[in-house]
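Work through the exercises below with the structure open beside you. Try each task before reading its solution.

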Amino acid sequence: MANKAEPYGTFDYIVIGAGSAGSVLAARLGEDGSRVLVLEAGGHYRDPLYTLPLLAGRLFEMRRNNWFYKSVPQKHLNDRVLFLPRGKMVGGSFIFNGTQYVRGHRSDFDHWRQLGNEGWSFADVLPYFKRSEDWYGGETPLHGNKGQLAVRKPPSISPVTQACLDACAEAGHPPNDDFNGEGQDGFGIYDFNIKDGRRCTTAVAFLYPAMKRGNIAVATGAFTRRIVIEDGAATGVEFEQGGQVRQARAAREVVLCAGAINSPQILMLSGLGDSGHLAQKGIPVVRHLPGVGRNMQDHLYVLIGYECLKPVSLIHALRLDRLAAGMLSAYFRGIGPIARSPLEAGGFFRARDGLEAPDIQANFVPIMSLKARIWMPWEKSADDTFAGYIWQNRPESRGSIMLDTAHHRDMPLIDPNYLSAEMDRITTRAGLKEMRRIISQPALAAFRGEELPPSRGCETDDEIDAFIRENAGTSHHSSGTARMGRDETAVVDPALRVRGVARLRVADASVMPSVVTGNTNAATIMIAEKAADLIRGRSLPSAEIAPAPTVEAHGAFKYAGAEGAA
């Protein structure tokens, strides 16, 4: 490999990463004609399977468009090494996530503000959520419908999913048809980033249309080696592409949008991090920032599966001939089970009394993932199953991202440190018990068979804890590793500027001081929207006071599309 970097050109802005945040940010920064370079280690996703919501989740098991990360052995999960897929392609991890659009609880953002991050309260960030949104319900005080990001309800759901919602009502949980509305508590149908049966990523909604203007360049297969810092300011990026070392210059700013694993890794490779750690790896220290790579948070999920006594699960859509037909229907007509996310419904509840926000999120899926397989028409029908997933919304455990070596292609040391906090173990166990109580309700009697291994027979607290340690996994919501704040261990300030380095910002899930109550993708997009205004020096929108949260009276949630599903 050549030692001297070849000049690649000068741009106004360089955005590192073309995922959920980078795609939005690049599109916004280019609106005024500025020249923007986007560096993406992966390529453009050409496989049409990525557009089909049901199947794309399986594609994260492939290496071609995936960083294929793994954790270090997790001490509190029986020393298991967990698979941590992250998207390495234009579109990032959005290209194979569950497509659920959940912003988080309003108190998440008010907490960020209480930590000293002015401009990040819920009232402050609500306009940025609305700016992106093309919500199916139209313009409201809490929603926008003039944005690029499609937010839709599915046209139908499985009958067993509807029975799960009925069981929630019987168990005393309120219905909720909008988790981004006045209140988050309760159960209902999620909103999804799916339009006409196809996954609506920020690459599709923002980046690709913006590239038609001609002032945004996307360099694929570009592995960032380091951010070039001269006289205390970021002036460009050195990257490897096609076996060549290249260097692009930034006339205005460099912005990291590489995600909660890659962003801290790139900062450290650039000499920004804990000076002792960098010295151990032989990296010259540019600035001592001990918070880089610290404060890692993630949602740890656990599931329980059941036999389904009626032939209504998604397993029937996976018979090879039906799968082929379903893929054609989804791709060309936007209909059928392949055109929907399997995470049809769920909700939020409190496993403990007296909490400001729900501490558990739940999902119902009309198939148990361990039983999901493609089967042949001549085989005996595969088993019908359904499952309930839960995760703790606000974990107290904190992990880290550290360098293993100083080479940019080597995997960092990823230690989520799951369940290191006692309260996380207590809360996860309580959430699992409540999921079982919901599934035991009469509404599911016609569908509910035996509980399936590996949770079957785990009844005592010790048995449930042992099951969790052996089977829990990541919800793919890594965040917090370049934390925003005012203290000495914060990595960026409330304007997302890296402390002590001019013309360098971070704008992705790594800046979250604490992980949001829900899926992280919507909040990541919001961060990118706000970053675009901060970078361009635009007047920030006035804070919007939204209706106070309410919890509706109990009653069954009946979804109009339930009857013809599956």
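**Exercise 1: Strand partners**

Leu300 has Thr474 as its bridge partner in S23. The model is predicted.

Task: Which strands pair with S16, and in which sense?

Solution. 
- Step 1. Start from Leu300 and its partner Thr474. S16 covers residues 300-308, and S23 covers residues 473-474. These two strands pair in the antiparallel sense over 2 bridges.
- Step 2. Move to S19, residues 385-392. S16 and S19 are antiparallel, with 7 bridges. Here Gly305 stands opposite Ala387.
- Step 3. Look at S22, residues 448-451. It is joined to S16 by 2 bridges and runs antiparallel to it. Tyr306 faces Glu451 across this pairing.
- Step 4. Check how covered S16 is. Of its 9 residues, 7 are buried.

**Exercise 2: A covered helix**

Task: How many residues of H4 are buried, and what do they pack against?

Solution. 
- Step 1. Name some of them. Among them are Phe122, Leu126, Tyr128, Phe129 and Lys130.
- Step 2. Find their surroundings. The buried residues pack against helices H3, H6 and H12 and strands S5 and S6.
- Step 3. Look for rings. Phe122 and Phe129 belong to one aromatic cluster with Phe109, Trp112 and Trp120.

**Exercise 3: Aromatic pairs**

Task: Are Phe68 and Phe83 buried or partly exposed?

Solution. 
- Step 1. The whole structure has 18 aromatic pairs. In one of them, the ring centres of Phe68 and Phe83 are 4.6 Å apart. Their planes meet at 50 degrees, so the pair is tilted.
- Step 2. Phe68 is in the loop between H2 and S3, while Phe83 is in strand S4, 15 residues apart.
- Step 3. Apply the cut-off: buried means under 20% relative accessible area. Phe68 has 15%, so Phe68 is buried. Phe83 has 28%, so Phe83 is partly exposed.
- Step 4. Take another tilted pair, Phe187 and Phe364, with 5.9 Å between centres and 35 degrees between planes. Phe187 is in S7 and Phe364 is in S18, 177 residues apart. Both are buried.

**Exercise 4: Charged residues**

Solution. 
- Step 1. Arg198 lies over the face of Tyr331, 4.0 Å from the ring centre.
- Step 2. The charged end of Lys310 sits over the ring of Phe447, 4.9 Å from its centre.
- Step 3. Glu238 is in strand S12, residues 233-241. Its relative accessibility is 8%, so Glu238 counts as buried.
- Step 4. Beyond four places in sequence, the contacts of Glu238 include Arg225, Arg226 and Arg246.

Methods
Residues numbered from 1 in each chain as written. Predicted model: local features only at pLDDT ≥ 70, side-chain atom pairs only at ≥ 80, totals over all residues. Heavy atoms only, no water. Buried < 20%, exposed > 50% of the residue type's maximum accessible area, 1.4 Å probe, protein only. Helix = DSSP H or I, 4+ residues; strand = E, 2+ residues; numbered from the N terminus. Contact = heavy atoms within 4.5 Å. Phe/Tyr/Trp six-rings, centres within 6.5 Å; stacked < 30°, edge-to-face > 60°. Lys NZ or Arg CZ within 6 Å of the ring centre and 35° of its normal. Pairing = 2+ DSSP bridges.
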